Amino acid sequence: MSTENRRIYAIGDIHGCLGALTNRWADIHADLAARPHPSPLVIFLGDYTDRGPSSRDVLDQLITYRDQPDIETIFLFGNHDKQFLDYLQDPLVWVTDRYHWFHTPLGGAVTLASYGVANASPEDPAATHAEFVKRVPQPHIDFLKAAQLTHQLGKYLFVHAGIRPGIPLAEQDPNDLIWIRSPFLEDPGDHGHIVVHGHTVVEKVEHHGNRIAIDTGAVFGGTLSCLVLEAEDINLLQDGGLSQLR
């Protein structure tokens, strides 16, 4: 079976959008009530914080979901999750040559604000470091550190950003798994599995045959998409209920 007798719910990038997260979780419970399954699995594709207003509350909520006994959960590691941990270790690390985590496109200052740490600035990132370290609960750090880079089940491979084409999974660069776009997005070849990923925002969920992109920009006014995979069925679970992915 392509999903090994599991029903998989895969959720895209949350980015501090608590309302969207709780809505999708309620949708999953409603779907399971209407269509019971003995072995559901929810996979979150990473990027839990940044940009959206409720990063701290999102992590609290995800930890609650993790600890519930009725649905198994798996949490993947995204580039924004790494930025969170990197800042805790060294406030002067820049994500790229152009951007510190606090620059607006990356949204780290909004994350600090959700913990009650105001005035985070890329001009002086060290100024807010000690307060952030003091305010971040250890369970949040442990949660992010425990996140997986990939999860493989049946014919599907789940990863935050994608994979580098032609490289065996065991030899993939962890940085690619959380950051890659090109050449992964342009590659039409068989990856050995259908890769389910977020990271790159698309207007609607896209099935390219060898990959399925499910980051539909919840933090930018889009939808927090939930892909439902069961045997050979590929569906979407949204506010209007279950629909076939086309």
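K82 comes out as partly exposed because its relative accessibility is 28%, where partly exposed sits between buried (under 20% relative accessible area) and exposed (over 50%), using a 1.4 Å probe and protein chains only. Its salt-bridge partner is D86, with the closest N and O atoms 2.8 Å apart. Keep in mind that this is a predicted model: local features need pLDDT of at least 70, side-chain atom pairs count only at pLDDT 80 or more, and totals for chains, interfaces and linings use all residues. Residues are numbered from 1 along each chain as its sequence is written, and side-chain values use heavy atoms, with hydrogens and water left out.

- D86 and K82 both sit in helix α3 (residues 79-89), 4 residues apart, or about one turn of the helix. Helices here are DSSP runs of H or I with at least four residues, strands are runs of E with at least two, and numbering goes from the N terminus.
- D86 is also partly exposed, because its relative accessibility is 28%.

**Salt bridges elsewhere**

- The whole structure holds 13 salt bridges, each one a side-chain nitrogen of Lys or Arg within 4 Å of a carboxyl oxygen of Asp or Glu.
- D31 pairs up with R7, their closest N and O atoms being 3.7 Å apart. D31 belongs to helix α1 and R7 to strand β1, so this bridge ties together parts that are 24 residues apart in sequence.
- Both D31 and R7 are buried.
- E232 and K155 form another salt bridge through their side chains, at 3.1 Å from N to O. E232 lies in the loop between β9 (226-230) and β10 (233-238), and K155 in the loop between β4 (150-153) and β5 (156-159), so the pair links parts that are 77 residues apart in sequence.
- E232 is exposed because its relative accessible area is 56%, while K155 is partly exposed at 31% relative accessibility.

**Around H15**

- Where does H15 sit? H15 is in the loop between β1 (7-11) and α1 (18-34).
- H15 counts as buried because its relative accessibility is 3%.
- H15 and D50 are 35 residues apart in sequence, yet their C-alpha atoms are 5.2 Å apart in space.
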